[in-house]
Amino acid sequence: MMILTGFMGSGKTTVGRRLAERLKKEFIDLDHYIVESEGRPIPSIFESEGEAGFREIEKESLKKIIKSTDAVISTGGGIITYEESRSLLKNNGHHTVYYLSAPFDALYDRIKDDENRPMLKGGYDAAKALYESRIAHYEAASHYAVDASLSVEETVEIIEDLEK
Ligand code: S3P
């Protein structure tokens with residue numbers, strides 16, 4: 001089916017859930033899957049295992065859920081950190097991978113007060129640098145870039161049209 005990538009706040013979960021509803025497919029959110037299988041929230045994983053520990057869990061979880069070839073899957077914003085995950089996404093052979101792209105300030109406005117996102121602890125400048133360092137990775141891991149500064153419904157329609 002399809003996989004959504006993009007920076008925090010790009011709407012991967014909201015758009016993914018809506019797409020799954022419209023297409024009558026299962027929806028799998030990678031972050032949610034990790035929280036369920038680990039039995040603890042994401043900030044706790046970062047606290048006890050650090051970012052590197054979280055990335056390992058994330059990479060292994062992606063390998064598992066990517067096998068659900070008939071589901072709509074949303075990923076966490078850092079899934080493109082490892083080359084192995086980028087290449088798994090791009091060359092998965094079943095899912096079309098969409099990069100939900102939007103200008104940094106639009107995204108930061110949506111996420112800045114969320115305490116559930118450990119990668120935002122460094123504030124605006126650090127988050128912006130992270131965003132900039134990731135753009136090329138989202139592009140490398142995905143088949144299409146889609147404008148995610150539009151409304152959820154508009155973004156959903158663009159993806160549906162590309163799937164036809
Ligand atoms: C992260 C994004 C989060 C979550 C974790 C790390 C990142 O997902 O996986 O906090 O490194 O960008 P969302 O993109 O759904 O916020």
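Two strands pair if DSSP finds at least two bridges between them. With that in hand, we can look at how L4 stands opposite S74 in strand 3. Welcome to a predicted model, in which local features need pLDDT of at least 70, side-chain atom pairs count only at pLDDT 80 or more, and totals for chains, interfaces and linings use all residues. Residues are numbered from 1 along each chain as its sequence is written. Helices (H or I, at least four residues) and strands (E, at least two) are DSSP runs, numbered from the N terminus.

**Strands and their partners**

- Strand 1 and strand 3 pair in the parallel sense, with three bridges between them.
- Strand 1 also runs parallel to strand 4, and four bridges join the two.

**What is buried**

- A residue is buried if 20 or more other C-beta atoms lie within 10 Å of its own, exposed if 12 or fewer, and partly exposed in between, with C-beta atoms placed from the backbone.
- Strand 1 is covered on both faces: M2 and L4 are buried on one side, and I3 and T5 are buried on the other.
- Strand 4 is largely enclosed by the rest of the structure, because five of its six residues are buried.

**The largest nonpolar core**

- A nonpolar core is a set of buried Ala, Val, Leu, Ile, Met, Phe, Trp, Tyr and Cys residues joined through C-beta atoms within 7 Å.
- The largest one has 31 residues, and those touching the most other members are M2, I3, L4, L19, Y98, L100 and V146.
- At least two residues of this core come from each of strand 1 (2-5), helix 1, helix 2 (30-38), strand 3 (71-74), strand 4 (96-101), helix 6 (123-141) and helix 7 (152-163).
- Two residues are in contact if their C-beta atoms, placed from the backbone, lie within 7 Å. Leaving aside neighbours within four places in sequence, L19 is in contact with M2, V72, V156 and I159.

**Around the ligand**

- A residue is near a molecule if its C-beta atom, placed from the backbone, lies within 6 Å of it. The residues around the ligand are M8, K12, D31, I42, G76, G77, G78, R117, P118 and M119.
- This shell has four nonpolar, three polar and three charged residues. Here Ala, Val, Leu, Ile, Met, Phe, Trp, Tyr, Cys and Pro count as nonpolar, Asp, Glu, Lys and Arg as charged, and the others, Gly among them, as polar.

**Annotated positions**

- In an unreviewed entry, UniProt gives the annotation "binding site" to G9, S10, G11, K12, T13, T14 and R117. UniProt positions are given in the numbering used here, feature names are shortened, and annotations may be inferred rather than shown by experiment.
- G9 lies in the loop between strand 1 and helix 1. G9 is buried because 23 other C-beta atoms lie within 10 Å.
- K12 belongs to helix 1 and counts as buried because it has 27 C-beta neighbours inside 10 Å. Beyond its neighbours within four places in sequence, K12 is in contact with L4, G6, S74, T75 and L100.
- T13 is found in helix 1 (residues 12-23), and counts as partly exposed because it has 17 C-beta neighbours inside 10 Å. Setting aside neighbours within four places in sequence, T13 is in contact with D29 and S74.
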